[in-house]
Amino acid sequence: MNSLINESIRKGFLFCMILGSISMARPCKCQAKDTLNIVTTTTNLESIAKAVGGDHVSVTSIGSGDEDPHFIQAKPSFMMKAKKADLWICVGMELEIGYEGLILQGSRNPRIQFNTPGHLDVSEGILKLEVPTGKIDRSMGDVHPLGNPHYWLDPYNGRIIAKNICSRLKQLDSVHAADYDRNLGAFLLKLDSAMFGSKLTQTIGGERLWQLQLNSGLDKFIRDYNEKIRQTDPNAKDQILSLDGWLAKLKPFEHAKVVLYHLSWPYFTQRFNLDVVAELEPKPGIPPGPAHILEVINTMKAENVKIILMEPFYNRDDADAVAKKIDAKVIVVPNAVIGQKETDDYIAMLDNIVTCLSSALSEVSK
Amino acid sequence: MRTIKFSFFIIFFFAGVSLAGGENADNNDMQLLRQQVKELQQQMKESDERHSAEIKMLKEEIELMKQKNVSAAATVQNQEIKPAEPIKPTQPLAESYATKPSLTTPSLQSFNPEISAIGDMIFHGGPTPKGETPDTITGNKTPKFQLREVEFGFSNPVDPYGRVDLILAIERQDNGEYHPDIEEGYFTFTNLPYDLQARAGKFYSAFGKANMMHTHAMPWVDRPNVINKFFGDEGLNDAGAEISWLVPNPWDNYIELTADIQNDRNSESFAGDNANGLMYVTHLKDFFELNKTSTLEVGGSFATANNNSNENTRTNVEGLDLTYKWRPSREGLYKSVTWMNELLFSQRQQDSGDTVNAHGGYSSLEYQFSRRWSIFGRYDFTQFPDDSSLHENSYSAGLTFRQSEFMFWRLQFEHTEGENFAGNVDRNELFLQADFLIGQHPAHRY
């Protein structure tokens, strides 16, 4: 009986192997291609690539947006997605170090390997924070040798991401270069309008506004500008400019103090002039222990901090416990595009953070 | 047996043919690529010059505008959507931003391979551990504390055609001495056409799941008993060559067919140290993404080789594996389930003309219940491939604490019963394991 079972198993195996050989001879289906197939690691990049690529691209993301982007797993199904890609777009700065190499190698797709035109690391040319200058090691927690990789939370870096994607699309698909330029222009206009307000953006132009903002000269510029308008024509009230958008929304809370769960928000807080006082994680990637939590409570008390900012994929129990002790507010807000109404694209995702923060800040400052 | 040899021949013949075809295509592609790169460089150069001229012009314009009445700017209403301006270097930045482009700095260091070192330490309580016999001559007893293994990994691309992975292990032997060993060392051809990939060197055979795991990647302290009994402590691993292929299918599933030819040197199921022949292993892996949070992997494996150096008797081993994984997307840092199962069957021809049929398997369930903690249980059942009247059952349960991504602690209790060559077995063991890694962050296979 036993040997009969074994014999039939052996036959079954042979059959499988023969099936395998037969299917090898089957011709592969080659699709007619009219769009560029893009695979991104995160949904933020997916959203920006869709905006810039428009109708000429089809984009999918391997991350779903609601997980920790450091710990996506190299599932073989992701390799199948990457296998068909013409362009692979990643955040870079070692955010994807735990899975990118395995997926790329597993995809067996020569078009998207490192250092090919089909591999785009959009961190090139972005404004970087926390780039270590001295020697680092893992006693410091999950430090990234190339700097803090959560740079998409600065809308200025969002512009650079879009520009990087645009120039790569033009390189890969030069026929539609003009369309990509136009889409990029529309995306930047939308992003800048959300940042500065649409009147200011349309009057002054996004590039100029950003240069002023980066050099902390925007307020002075608007003041001078309005002064000159008043001097030339006191009745031209419709030409008077004012700051609007995200900057205006968070302006009243400049240098408001916040505590973070993970060190993923510095790009955002720095852009909008919020001060980070402490993190709940004692070191990046190390979960909080009781002693550190006590320390954070004391700091928050001493500095009168009322806001804890964190992503939804972290457990909020510790943050809630701290908030309860000192009557603070925990803001749990996604910093990635998720298929929900308020976060269904990159600009909406940033808008949602600004809205949540400003309403919480105005509540606690009452 | 001829059928098997013949089907292998077919697989490798096809692989060889497609490889040769790919070479030509590659050459043409390379030339085309070179030409495209040249054209691109030319275009870049031109556009660079154009852009810098434009930027210069723009700067002058801005200066002019500043000097004039600013209200003039108010009339510049660019409501129409215009193509974006070209990327230009950012103006002076706030001091806190890093201005040095660390990512693109070329450095000699980038030619150094990625290096890692992993240490595996155990405390063993109970009678002699699996696979070890107390030294009856010297009376040496197995020490309680053992640094089981230190493993050094080196990997990097070699050239545009592939990469090398070297894993050197210094392992504790049964006699207490440490011996360096090349656990794996292979070149992977990453640039083959037709979704093929090939390896040459020494590597774990593509048989099932547990056989291919490195000590530190296992969810248990010890390898399942069936792998130990069928393939030995070191698993099925030898020098040889491998080719694998992603099988096209209408569902776009990940279906991988792997074929290995390696030395027939496994002494548990096959011919052992004196063998001159070859071992053939094939593995078919099918991976299903059931939904966003759970996956199922089903595999079948087959290994065949002579089981003595006279090359007149053979052993065939078949394997079935099934792995289910669940990990919620949002709470993925804190919760996960892995259910892993394997069944192995072996038919071993004896000199007498009889065939010994033996089988074994395990089922393991691991549940991660917080960011750092998980519990697991495993049931093992195995016969001995050269004597199916003997068998061992074991029951393990344990707890893993992941201190960080780079170090974990594991406590495991294991009860084994049954009958082996020494007689009845009724053994309780307690393991405490500490495993640590320094160096390059390992990318974990799914």
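Predicted model: local features only at pLDDT ≥ 70, side-chain atom pairs only at ≥ 80, totals over all residues.
**Helices and their packing in chain A**

Helix α6 of chain A, spanning residues 177-196, contains 20 residues and reaches 28 Å from its first C-alpha to its last, close to the 28 Å expected at 1.5 Å a residue. Directly after α6(A) comes G197(A), with a positive phi near 100°.

Turning to the overall layout, chain A is divided into three parts: domain 1 (36-127 + 141-187), domain 2 (198-243) and domain 3 (249-364). Taken over C-alpha atoms, the centres of domain 2 of chain A and domain 3 of chain A are separated by 32 Å.

In the pair formed by helix α3 (residues 76-83) and helix α4 (residues 100-107) of chain A, the axes lie 8 Å apart and the packing angle is about 60°. This angle makes α3(A) oblique to α4(A), and the crossing of α3(A) past α4(A) is right-handed. On the α3(A) side, the contact is made by P76(A), F78(A), M79(A), A82(A) and K83(A), while α4(A) contributes I103(A), L104(A), G106(A) and S107(A). By class, the residues of this contact of α3(A) with α4(A) comprise six nonpolar, two polar and one charged.

The other pair joins helix α12 (residues 290-303) and helix α13 (residues 317-326) of chain A, whose axes come within 10 Å and cross at roughly 40°. At such an angle, α12(A) and α13(A) are therefore oblique to each other; the crossing of α12(A) past α13(A) is right-handed. Here I293(A), V296(A), I297(A), M300(A) and K301(A) of α12(A) meet D318(A), V322(A), K325(A) and I326(A) of α13(A). The contact of α12(A) with α13(A) draws on six nonpolar and three charged residues, with no polar ones.

How values were computed. Residues numbered from 1 in each chain as written. Chains lettered and ligands numbered in written order. Domains from an automatic or database assignment. Helix = DSSP H or I, 4+ residues; strand = E, 2+ residues; numbered from the N terminus. Expected span 1.5 Å × (residues − 1). Axes fitted to C-alpha atoms, helices over the stretch in contact; angles between N-to-C directions. Parallel < 35°, antiparallel > 145°, perpendicular 65-115°, else oblique. Left-handed = near helix turned anticlockwise from the far one by under 90°. Contact = placed C-beta atoms within 7 Å. Nonpolar A, V, L, I, M, F, W, Y, C, P; charged D, E, K, R; others polar.
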